[in-house]
Amino acid sequence: MFENIKNSPKYRWYVLATVAVGTFMATLDSSIVNVALPTISGQLNSNLSTLQWVVTAYLLTITSLLPVFGRLADLVGRKKVFAIGFLVFILGSALCGLAQNIWFLVGTRVFQAVGAAMLMSNSAAIITSIFPPKERGKALGLTGTVVALGSLTGPALGGILIGLAGWRSIFYINIPIGLIGFAAVLLILPMDVPSKEKESFDFLGALTFTFGMIFVLLGITNGEDWGWSSLPVLLSLVLGTALLVLFLLTERKVEHPMIDLSLFRNRPFLIGNLSGGLSFVAMFANTMILPFYLQGVLNYQPKQVGMILMIFPIVMALVAPISGHASDKFGPMVLTTSGLVITGLGLFYFSTLSATASFYHILPGSMLMGLGSGMFQSPNNSSVMSSVPPQKLGIAGGINSLVRNLGMVTGIAWSVALFEAMGGVTMPKSGQVNAFMSAYHAVMLVGMVIAFVAAFISFNRKSYAKAK
């Protein structure tokens with residue numbers, strides 16, 4: 001039966017479906033956990049500053065390990081790393097569900113994130129290697145839809161599961177999904193052949209990059225809580241920066257570097273990653289503060305907030321495959337640039353909202369953001385992944401995912417810092433609403449400028465891998 005699948009003319013689509021299971025699981029898990037945090041806080045007797053590590057530790061681990069597993073997959077095989085990623089994620093999820101105290105949960109989230117990094121760093125590489133150039137945009141567009149659907153399903157499914165079976169069920173749900181995905185990997189994914197040249201793994205590069213990223217992100221994510229001039233934040237940023245500088249110096253001398261810096265001499269690769277990172281910096285400014293505007297200013301209930309937040313992924317899920325398919329025919333430049341301009345216009349629209357806006361006033365902004373993101377992401381990913389040779393697909397996919405995560409972290413950090421510097425309070429009282437709106441508008445306008453800068457960079461991608 002499975003031999004028939006591998007000989008089927010639709011085989012590449014079965015591969016895409018298998019990869020989509022891992023992508024969906026990782027996205028679903030991140031969005032489900034946010035919904036459960038208030039419940040976890042009560043049951044494990046944890047305050048907010050400790051509880052944030054359930055999210056932060058997961059994000060730090062994934063971001064710092066993405067290029068490591070991308071490079072490892074190029075050396076030992078993408079199928080092998082992807083399959084092990086499922087097993088680690090399943091085991092990590094089971095351990096998260098068994099947690100009896102908050103720090104055990106944080107530790108098991110780190111373990112779970114190792115599996116997620118193995119999955120996320122290889123999904124784009126597997127798809128790019130199996131699809132011909134004329135179909136890559138469409139395939140990566142469908143992957144974008146899966147990401148959006150994971151975000152969309154997470155809050156709704158999380159609320160239902162917590163109500164029916166408690167917060168532990170949001171982790172246990174990964175076990176059956178993960179087992180299905182693992183079986184599909186073994187039965188469907190092609191056994192890719194690693195490079196025949198005997199290449200060594202760059203252990204020094206992996207260590208300096210991993211710990212450099214951890215320390216830098218630790219400083220960025222905790223700058224507001226601990227104080228930007230506090231000793232822990234300054235030490236984290238200085239030590240992290242020093243390790244990353246050492247990493248760059250090391251990579252220039254190593255025969256087989258963990259990250260091939262020559263990839264950044266490739267114009268589509270460089271511009272795609274720059275504009276992609278900035279797009280997430282701009283988007284996550286609104287992603288972070290919009291819920292507080294809806295709940296703290298407009299006094300919407302959490303269920304209503306969830307419905308409004310679902311508009312963005314719904315529109316993105318509809319647009320991403322169409323945009324990806326169009327980029328296969330017409331190239332990425334017009335779609336990516338237009339998408340970023342539309343994202344900027346969406347942020348500008350949010351900067352015009354008042355403290356008495358209705359649901360119908362908010363709707364156009366969310367739709368513009370979803371449309372812009374859907375138009376940009378698929379063609380951009382296709383452009384980046386099509387610009388590298390087959391033996392570098394793993395590390396290119398890892399860098400692409402790394403840039404996305406860095407953009408998210410940076411977007412959250414700068415938006416919160418600016419919001420609070422402008423006098424904004426997350427849950428304002430009656431006398432603080434004007435200050436909240438002023439700070440929110442300022443953040444949205446800066447986000448708009450960042451999106452327009454990304455559009456200008458994207459407009460300068462003069463070449464791309466043409467479909468054959």
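**Close-up views of a predicted model**

**View 1. Thr-108 in helix α5.** Thr-108 is placed in helix α5, which covers residues 102-130, in what is a predicted model. With a relative accessible area of 6%, Thr-108 counts as buried, because that value falls under the 20% cut-off. Leaving aside residues up to four places away in sequence, the residues that Thr-108 touches are Gly-92, Leu-95 and Cys-96.

**View 2. The second largest pocket and its lining.** The second largest pocket holds about 550 Å³ of space, and 22 residues line it, with Met-213, Phe-264, Leu-402, Val-403 and Leu-406 lying nearest its centre. Two or more lining residues come from each of the helices α9 (203-226), α10 (231-251), α11 (267-297) and α16 (393-421). Sorted by class, the lining of this pocket comprises 18 nonpolar and 4 polar residues, and no charged residues.

**View 3. The second largest pocket in relation to the domains.** Residues from domain 2 (203-255) and from domain 3 (263-462) both contribute to the lining of the second largest pocket, so this pocket lies between the two domains.

**View 4. Confidence along the protein.** The mean pLDDT of the protein is 82, and 90% of its residues reach 70 or more. Confidence is lowest in helix α1 (residues 2-7), where the mean is 59, and highest in helix α14 (residues 333-350), where it is 94. Over residues 464-468 the pLDDT is below 50, although this stretch has 12 contacts in the model beyond near neighbours in sequence. Where pLDDT is low, the predicted coordinates should not be read in detail.

Definitions and conventions:
Residues numbered from 1 in each chain as written. Predicted model: local features only at pLDDT ≥ 70, side-chain atom pairs only at ≥ 80, totals over all residues. Heavy atoms only, no water. pLDDT = per-residue confidence, 0-100. Helix = DSSP H or I, 4+ residues; strand = E, 2+ residues; numbered from the N terminus. Contact = heavy atoms within 4.5 Å. 1 Å grid on protein atoms, 1.4 Å probe; cavity = no way out; pocket = protein on both sides within 12 Å on 5 of 7 lines; lining within 4 Å. Points joined across faces, edges and corners; volume = space filled by probe spheres on them. Nonpolar A, V, L, I, M, F, W, Y, C, P; charged D, E, K, R; others polar. Domains from an automatic or database assignment. Buried < 20%, exposed > 50% of the residue type's maximum accessible area, 1.4 Å probe, protein only.
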